[in-house]
Each structure stands twice: as C-alpha cells, then as structure tokens.
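Here is a short briefing on one protein model. Keep the structure open and find each residue as you read.

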Amino acid sequence: MSSSGPADSNFPAIPTSRPNAAPTGFHLLAKPSGPICNLDCQYCYFLEKEAMYPGDRFKMAPLTLERYIRQLIESAETPEVTISWQGGEPTLMGVDFFRRTLDLVERYRRPDQRVVHTIQTNGTLLTDDWCELFATNRFLVGISIDGPAALHDTYRLDKRGRPTHSRVIKGLDILRAHNVDVNVLCTVNRANQDHPTEVYRYFRDELEIEHIQLIPVVELDQDGVSDRSVEPEAWGRFLTTVFDEWVVRDVGTVFVSHFDAALASWMSIRPSLCVFAETCGDALVLEHNGDVYSCDHFVDPQYLLGNLNETHLVELVASPQQRAFGNAKRDSLPRMCRECPVLFACRGECPKNRFGTTPAGEAGLNYLCAGYLDFFTHIDGPMRMMSSLLRSGHFADEVMGQLSSAARNDPCPCGSGSKAKTCHQRPLAR
C-alpha cells in the first residue's frame with residue numbers, strides 16, 4: 001500500500017541513506033500498556049518497571065502507535081515484517097487499539113510486504129471479540145501456561161492472590177473455538193522444575209498444543225538467586241527428559257523452541273532463539289511512550305537507545321550503542337565458555353544470566369551453564385542424526401525410525417555406546 005503523509009510535521013523521517021550498521025531485519029517487542037497487568041505473577045520481572053515511569057498512564061498514544069507502525073515497516077528490507085505485542089498484559093489496551101493497528105498496517109505497508117501479527121497474553125481477558133480479531137487477521141497468540149493447575153497456580157496469581165489456571169484455560173478454549181494459531185509459553189521454575197514429563201504430556205496430550213516455548217526463570221534479589229528460580233542442574237534435567245520423549249515419538253508433530261534452535265546450531269544455521277545466537281542486538285523493546293531499549297531483559301536507563309518520537313527506529317537499531325550491546329554477547333565470554341565443546345550451540349545463552357564465576361575466578365559464567373552443558377552434550381547423537389537426514393534431503397522425523405531400528409541389545413544408533421534398550425529404546429517415564 002502506498003503511504004500518505006504523516007499526521008504531524010515532526011514525524012521522524014527515515015534517513016535518506018540507510019545506516020550501514022542497520023540489520024536487514026530485526027525484531028521489536030512492543031509493550032503498549034508498559035508493565036501494567038491484571039495478574040501478579042510472583043516471578044514477573046517486568047512489573048517493577050512501573051517505577052521507571054512515575055505517574056504515567058501506561059497507554060500508547062495514537063501518534064506513538066502510528067509512528068511505531070510506520071517506522072517498523074519503513075525499516076524492514078525483508079519481505080516479511082512481524083508486529084509483536086507483549087506486556088504487562090497487552091489486551092488491557094482493548095480490541096479497538098488493535099483494530100487501529102491493523103488499519104495503520106494497511107496504510108503503510110508496501111505491496112510486496114507480508115505482515116505477521118503476534119501477541120503474548122496471559123489469556124484471562126480473552127473474549128469472542130478478541131478471538132475473532134485474531135482469527136480474521138491470522139495472529140499467532142502465545143499464551144502463558146506453566147503446566148497443570150497445581151503447578152501453574154503456584155506463582156501465576158491475580159492481584160488478589162487467587163489462582164488463574166481455570167481462567168487461562170477458558171481463554172485457550174475460546175482461541176481454539178475460533179481456530180486461532182496458538183503456542184504455549186511455559187516458564188520453568190522451582191515449582192515445576194522436577195515435573196518435566198507431567199508438564200510436557202499435559203501440553204501435548206490434554207491441551208493438544210503443538211508449539212511449546214520453555215523459559216527458565218532466573219531472578220536475582222538482595223540475597224542472590226531467588227527461591228523461585230530454576231536450579232541449573234534441574235533445568236538441564238527438564239530439557240533432557242522432555243527431549244528424550246520428544247525425539248522417539250513427537251518429532252515433526254510437536255515443536256519445542258529449544259530443540260528447533262539446537263537443530264539449527266547442529267546445521268550451522270543461525271538459531272531462531274536469540275539466546276543461542278553468537279551475537280544479539282536485533283531483538284529490541286518498545287515501551288508505551290516510544291522509548292526503545294536494547295532488549296526485553298535490559299529495560300533499564302543505561303540501555304535506553306532513544307525514543308522513536310524523536311529519532312527514527314532504524315537509526316536507533318543501528319546506533320553504536322546497540323551494535324556494541326549485541327557484540328558484547330560474543331566478546332565478553334569467559335575463557336571457560338570459549339573453550340567449551342558445546343559453545344557452538346549454547347553461545348553463553350542470555351547475557352542477563354551471566355552473573356556467575358568460573359572455577360578459575362573469571363566473571364561472566366552463565367548461571368545455567370551446568371544445565372546447558374548436560375543438555376547439549378546429551379542430545380548430540382540424535383542431533384547429528386537429524387542434521388544428517390536433512391542434509392541428505394530427508395526429513396528430521398525419520399530419526400524416530402532410525403532410533404527404533406536396532407535390536408534392543410545392539411548399540412543405540414545415536415552413538416552413545418549404550419545398548420538401545422537402555423538408551424533411546426528404554427521405556428518412557430510414567
């Protein structure tokens with residue numbers, strides 16, 4: 001669509017010469033209601049950000065919305081542009097706000113651009129109106145569920161301290177009734193870390209979820225790591241336990257983001273999860289007032305790049321401050337990480353979790369290091385098998401047949417050296 005002129009004369013114009021450091025494409029997570037949410041999840045790191053904007057109403061103004069949509073579309077050199085919403089709880093903005101967004105997209109997108117819409121929600125405020133909008137415009141909806149009710153309701157409570165699981169499932173049911181594409185965002189925390197099989201099967205068998213994103217809860221408080229945080233070894237066990245079930249029965253039918261990202265690393269492709277990329281800096285955050293920050297986990301004054309009401313988004317993304325932030329992920333790794341055999345897959349994970357110290361006393365070790373070392377070492381054999389299948393023109397799901405092809409007393413085809421019956425043909429956990 002051809003774009004008409006801006007609504008005001010001060011609209012930041014796209015630079016006549018695109019900055020050399022600007023990436024071809026980048027991801028911007030917009031928070032139209034800032035940290036405001038109708039729930040009070042105990043591990044939420046974003047609720048405290050309200051203190052950064054004292055007295056604010058936390059509602060994205062129409063002019064800021066228009067500038068955001070236009071600048072994002074102008075900045076993209078890729079044929080596909082993703083508009084992503086998160087919070088807080090973005091549905092607090094109301095359905096009409098998102099209808100306005102869709103109108104702006106049609107006003108500013110180029111004829112050759114495909115726009116993808118995503119939103120992350122706690123699901124408790126969803127209605128038929130919401131889900132009709134999502135279905136009509138093919139939104140991908142990420143809904144936060146931490147497992148069955150007893151596990152979910154440990155930390156995911158409302159402002160009155162009441163459980164939320166039943167309300168979330170009601171929202172999921174409405175999404176399903178409207179055939180909206182859904183994925184589950186599941187935090188792994190101290191309450192559910194020892195229940196990987198229960199959590200995974202709940203999503204797969206009871207909720208019939210096909211796309212799962214696992215998110216480790218790592219919190220720092222005045223005493224160190226909080227007692228809600230997942231323990232490093234437990235995080236590794238959670239991933240390996242789920243993987244061992246997935247790889248023998250669910251490849252190609254259930255998609256777990258950590259496993260997809262790992263396979264990309266074994267294929268020498270940049271993974272879709274930024275935490276496993278060599279460098280970062282291409283996944284930024286937009287606050288309700290137009291402030292742009294380096295990352296969702298770094299919404300702090302020292303990581304404020306500027307405001308898109310004053311400076312065009314592409315210039316903020318290409319700024320020396322942001323490019324240095326992204327490169328520091330690679331350049332600040334301690335020697336222990338640089339010499340690690342699974343560096344190609346882990347890449348030191350997210351910088352926000354690098355507050356540990358190596359045995360040699362060097363700072364910058366990821367808190368989750370032990371878990372990731374176990375996980376990536378454990379999955380090496382099946383990952384090699386799947387990457388070989390893909391490189392030879394086959395499908396990754398053929399790995400399931402290969403793992404089951406050996407006699408039970410023969411060596412497992414994964415190359416572990418164990419017998420098949422004690423490796424990938426052992427009975428699945430109950």
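The structure holds 23 salt bridges. Keep in mind that this is a predicted model.

**Salt bridges between distant parts of the chain**

- R18 and E77 form a salt bridge, with their closest N and O atoms 3.5 Å apart.
- This pair links distant parts of the chain, since 59 residues separate R18 from E77. R18 sits in the segment before β1 (27-30). E77 sits in the loop between α1 (62-75) and β2 (80-85).
- R18 counts as partly exposed because its relative accessibility is 24%, between the 20% and 50% cut-offs.
- R100 and E66 form another salt bridge, and here the closest N and O atoms are 3.9 Å apart.
- This pair also links distant parts of the chain: R100 is in helix α2 and E66 is in helix α1, 34 residues apart.
- E66 is buried, because its relative accessible area of 3% is under 20%.

**A salt-bridge network**

- Which residues are linked in a network of salt bridges? They are R201, R204, D205, E245, R249 and D250.
- Look at one pair in it: the side chains of R204 and D205 meet in a salt bridge at 2.7 Å, N to O.
- R204 counts as buried, because 10% relative accessibility is under the 20% cut-off.
- D205 counts as partly exposed, at 41% relative accessibility.

- T101 lies in helix α2. T101 is buried, because its relative accessible area is 1%, which is under 20%.
- What does T101 touch? Leaving aside neighbours within four places in sequence, T101 is in contact with L65, I69 and W85.
- K329 lies in helix α10, which covers residues 320-331.
- Is K329 buried or exposed? K329 counts as buried, because 2% relative accessibility falls under the 20% limit.

**Charge and exposure at the surface**

- Which residues gather in a patch of negative charge on the surface? They are D194, E231, E233 and D374.
- Where is D194? D194 is in the loop between β5 (181-188) and α6 (196-206).
- D112 is also found in a loop, between α2 (95-108) and β3 (114-121).
- D112 is exposed, because its relative accessible area of 55% is over 50%.
- D112 and T78 are 34 residues apart in sequence and 9.6 Å apart in space, C-alpha to C-alpha.

Key
Residues numbered from 1 in each chain as written. Predicted model: local features only at pLDDT ≥ 70, side-chain atom pairs only at ≥ 80, totals over all residues. Heavy atoms only, no water. Patch = residues over 30% accessible without salt bridge, like charges linked within 9 Å, V, L, I, M, F, W, Y side chains within 5 Å. Areas by Shrake-Rupley, 256 points an atom, 1.4 Å probe, with all protein chains shown as cover. Salt bridge = Lys/Arg side-chain N within 4 Å of Asp/Glu carboxyl O. Lys, Arg positive; Asp, Glu negative; His and termini not counted. Charge placed at Lys NZ, Arg CZ, Asp CG, Glu CD. Helix = DSSP H or I, 4+ residues; strand = E, 2+ residues; numbered from the N terminus. Buried < 20%, exposed > 50% of the residue type's maximum accessible area, 1.4 Å probe, protein only. Contact = heavy atoms within 4.5 Å.
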